[in-house]
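Please have the viewer open as you read.

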Amino acid sequence: MTRLYHYAAKGNTVSTDGILSFARNPNADIGYYVRRSGKTTHAEIAGWFESKFNGRSRGIRAFPCPIQPTEKSKSLQNFIKNADLFAIDVDALNAAGLIDAVYVSPPVTAVPDITDVPDADEPLYRLPDIRAIDTSPIDWSVCDDSLGRRFAYVRYYLLVVAGGVIPPRFIELVSAAA
């Protein structure tokens, strides 16, 4: 079984409503995307996502393994301390016809021509199908708060999901925030 992992802020409704994409989550924290997109509302940012590629706003970020923060990555420690960790059954989700596309965001160190300018999205490359997902462990020691860009130095995936929601039946709570 292919499993990917997703974090949702504590107090979430994942167990009843599923994991919501940006498009389906009107309560999403837009601060990061305001800086990246130059847009100021949830609807404008969702439109900006869609301008990058069809389905981008319905994408849900997932990691191949749980985050393992180090002393250099206090922001990751805070991130996981304030979030519940869920496992996604990617095979079952795909068998149900709910995955429209899968993208990988490789570590920025693997993208020599990366640009970090306003209006730039993270590097995302479409995979042929779920069989191309690499669930091998990640070296979380490369994450360093002094370098910024919290997840830029590790591989993660964007599951573009039909309807923008991963239903609860495809999700398992791994650990709850304290």
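Let us begin with Asp134, which forms a salt bridge with Arg155, the closest N and O atoms being 4.0 Å apart. Asp134 and Arg155 both lie in the loop between β6 (125–126) and β7, so the pair ties together parts that are 21 residues apart in sequence. How exposed or buried are the two partners? Asp134 is partly exposed, with a relative accessible area of 34%. Arg155, in turn, counts as buried because its relative accessibility is 15%, and the limit for that class is under 20%. Please keep in mind that this is a predicted model.

**Charged pairs**

In general, side chains of opposite charge can pair when their charged atoms come close. The count for this structure comes to five salt bridges.

| Salt bridge | Closest N and O atoms |
|---|---|
| Arg3 and Glu172 | 3.1 Å |
| Asp100 and Arg58 | 2.7 Å |
| Asp134 and Arg155 | 4.0 Å |

Take the salt bridge of Arg3 with Glu172, whose closest N and O atoms are 3.1 Å apart. This pair links distant parts of the chain, with Arg3 in strand β1 and Glu172 in strand β9 (residues 171–175), 169 residues apart. Arg3 counts as partly exposed at 24% relative accessibility, and Glu172 counts as partly exposed at 43%.

Next comes the salt bridge between Asp100 and Arg58, with 2.7 Å between the closest N and O atoms. Here too distant parts of the chain are linked: Asp100 sits in strand β5 and Arg58 in the loop between α3 and β3, 42 residues apart. Asp100 is partly exposed, its relative accessible area being 39%.

Leaving aside neighbours within four places in sequence, Glu50 is in contact with Gly55, Arg56, Ser57 and Arg58. Glu50 belongs to helix α3 (residues 42–52) and is partly exposed, with a relative accessible area of 28%. From Glu50 to Ala23 the C-alpha to C-alpha distance is 9.7 Å, although 27 residues separate them in sequence.

**The sheet**

Which strands form the open sheet, and in what order? Four strands take part, in the order β3-β7-β5-β6, and the pairing is antiparallel. At the edges are β3 and β6, each of which pairs on one side only. Inside the sheet, six bridges join the antiparallel strands β5 and β7. For a place to look, find Tyr103, which stands opposite Leu158 in β7.

Arg126 has its place in strand β6. Not counting residues up to four places away in sequence, Arg126 touches Asp100, Ala101, Val102 and Tyr103. Arg126 is exposed, with a relative accessible area of 55%, a value over the 50% limit for that class. Arg126 and Ile45 are 81 residues apart in sequence and 21 Å apart in space, C-alpha to C-alpha.

**The nonpolar cores**

Which members of the largest nonpolar core touch the most other members? Of its 23 residues, these are Ile19, Ile88, Leu93, Val102, Ile133, Leu159 and Ile166. At least two residues of this core come from each of β1 (3–9), β3 (59–62), β4 (83–89), α5 (90–95), β5 (99–105) and β7 (156–161). A second, separate core has 15 residues, among them Tyr5, Phe63, Cys65 and Ala87.

Beyond its neighbours within four places in sequence, Ile166 is in contact with Gly18, Ile19, Ile60, Ile88, Leu93, Leu159, Val161 and Ile171.

**The whole chain**

Stepping back, the protein chain has five helices and nine strands, following the pattern β-α-β-α-α-β-α-β-α-β-β-β-β-β along the sequence. Its radius of gyration is 15 Å, close to the 16 Å that the globule rule gives for 178 residues, so the chain is as compact as a globular protein of that length. The C-alpha atoms fill a box of roughly 40 × 35 × 35 Å along the principal axes.

Of the 178 residues, 45% count as buried. The accessible surface comes to about 9000 Å², and 52% of this belongs to carbon and sulfur atoms. Among contacts between residues at least 6 apart in sequence, 78% join residues at least 24 apart.

Methods: Residues numbered from 1 in each chain as written. Predicted model: local features only at pLDDT ≥ 70, side-chain atom pairs only at ≥ 80, totals over all residues. Heavy atoms only, no water. Buried < 20%, exposed > 50% of the residue type's maximum accessible area, 1.4 Å probe, protein only. Contact = heavy atoms within 4.5 Å. Core = buried A, V, L, I, M, F, W, Y, C linked by side-chain atoms within 4.5 Å. Salt bridge = Lys/Arg side-chain N within 4 Å of Asp/Glu carboxyl O. Rg over C-alpha atoms; globule rule 2.2 N^0.38 Å. Areas by Shrake-Rupley, 256 points an atom, 1.4 Å probe, with all protein chains shown as cover. Pairing = 2+ DSSP bridges.
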